[in-house]
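Please look through the sequence and the model shown here. The paragraphs after them go from the overall layout to single residues.

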Amino acid sequence: MNHATPHVGAPTRTFTQLLSSTRRGARLARLLAVTELRRWGAPQDLTERAELVVAELAANAVLHGRAPGRCFRLTLVLDPAAGRLRIEVSDARGDLSPQIATGAAEPDLLRTGGRGLTLVTALADHWDCVPYPPSGKTVRAVLSAPAGEARACRAWAHGAGDTGAGAARHPAGGAPGFLWQHA
């Protein structure tokens, strides 16, 4: 007797890591994210954009969300079937909320900070900030693979895709980009 097997969606991939609230921890967050996404076979464009978003969010968690003796948490959730990646960075400072720096009448083009969320906004489909109990916050960003790469991601999820091992690295520095304000 033959029964139609229901189409089972590709498994969602999840990665979570606690990291020290130091510059080294922020750098490690970026490196771990790229390594994990490549291991999962995520599309190259998605991996490159995620690298920059993780670098910005982790740098800001270290610079603005640091509390003595507390770490920050990096979480990646890849849904290959949808071609979508959610990046979450949680820190201990829920009293500080990230906001996009608004341009003054005469912007300071030599300023070294204050552009991070603008970059995250440009690279992600959307981002937000939610409470992280008991006293922290989580900044979340969602990135989608371009249509062609999303199809490749779905194909990989069903066992036919590339491993992503040859993905090019994108230099991601860590100039802080959040403007923080007390809630």
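Helices (H or I, at least four residues) and strands (E, at least two) are DSSP runs, numbered from the N terminus. By that rule Ala58 lies in helix α2, and the protein chain as a whole has four helices and seven strands. Read from the N terminus on, the elements follow the order β-α-α-β-β-β-α-β-β-α-β.

This is a predicted model, in which local features need pLDDT of at least 70 and side-chain atom pairs count only at pLDDT 80 or more, while totals for chains, interfaces and linings use all residues. Residues are numbered from 1 along each chain as its sequence is written, and side-chain values use heavy atoms, with hydrogens and water left out.

The quantity pLDDT is the predictor's confidence in each residue, from 0 to 100. The mean pLDDT of the protein chain is 78, and 66% of its residues reach 70 or more. Over residues 160-183 pLDDT stays under 50. For that stretch the model has 73 contacts beyond four places in sequence, where contact means heavy atoms within 4.5 Å. Among contacts in the protein chain between residues at least 6 apart in sequence, 75% join residues at least 24 apart.

Burial is the next topic. A residue is buried under 20% relative accessible area, exposed over 50%, and partly exposed in between (1.4 Å probe, protein chains only). Buried residues make up 43% of the 183 residues in the protein chain.

The expected span of a helix is 1.5 Å times one less than its number of residues. For the 18 residues of α1 this gives 26 Å, and the end C-alpha atoms are 26 Å apart, which agrees. Buried residues of α1 include Ala26, Ala29, Ala33 and Leu37. An α-helix has 3.6 residues a turn, so residues three or four places apart point the same way. Just after α1, Gly41 takes a positive phi of about 80°.

Helix α2 (residues 44-64) has 21 residues, which should span 30 Å; its end C-alpha atoms are 30 Å apart, in agreement. Because 17 of its 21 residues are buried, α2 is largely enclosed by the rest of the structure. Beyond its neighbours within four places in sequence, Ala58 is in contact with Ala26, Ala29, Phe72 and Val89. Its C-alpha atom is separated by 9.4 Å from that of Leu19, 39 residues apart along the chain.

What does the largest nonpolar core contain? A nonpolar core is a set of buried Ala, Val, Leu, Ile, Met, Phe, Trp, Tyr and Cys residues joined through side-chain atoms within 4.5 Å. The largest one has 32 residues, and those with the most contacts inside it are Leu74, Leu76 and Ile87. Two or more residues each come from β1 (13-19), α1, α2, β2 (72-79), β3, α3 (116-123) and β6 (136-144). The most come from α2, which gives nine. Not counting residues up to four places away in sequence, Ile87 touches residues including Val53, Leu57, Leu74, Leu76, Val139 and Leu143.

Leu143 belongs to strand β6 and is buried, with a relative accessible area of 0%. Among the residues it touches, beyond four places in sequence, are Leu46, Ala50, Val53, Leu85, Ile87 and Leu123. The C-alpha atoms of Leu143 and Val53 are separated by 9.4 Å, although the two are 90 residues apart along the chain. The loop between β5 (126-132) and β6 holds Pro134, and a cis peptide bond with omega of about 10° joins Pro133 and Pro134.

Glu88 sits in strand β3 (residues 84-91). Is Glu88 buried or exposed? With 16% relative accessibility, Glu88 counts as buried. Its side chain makes a polar contact with the side chain of Arg86 at 2.8 Å. A polar contact is a pair of N or O atoms within 3.5 Å; within protein, one must be able to donate a hydrogen and the other to accept it, and residues adjacent in sequence count only if both atoms are side-chain atoms. Leaving aside neighbours within four places in sequence, Glu88 is in contact with Arg73, Leu74, Thr75, Thr138, Val139 and Arg140.

Cys71 is partly exposed at 41% relative accessibility, and Cys129 is partly exposed at 31%. A search of the whole structure finds zero disulfides, a disulfide being a pair of cysteine sulfur atoms within 2.5 Å.
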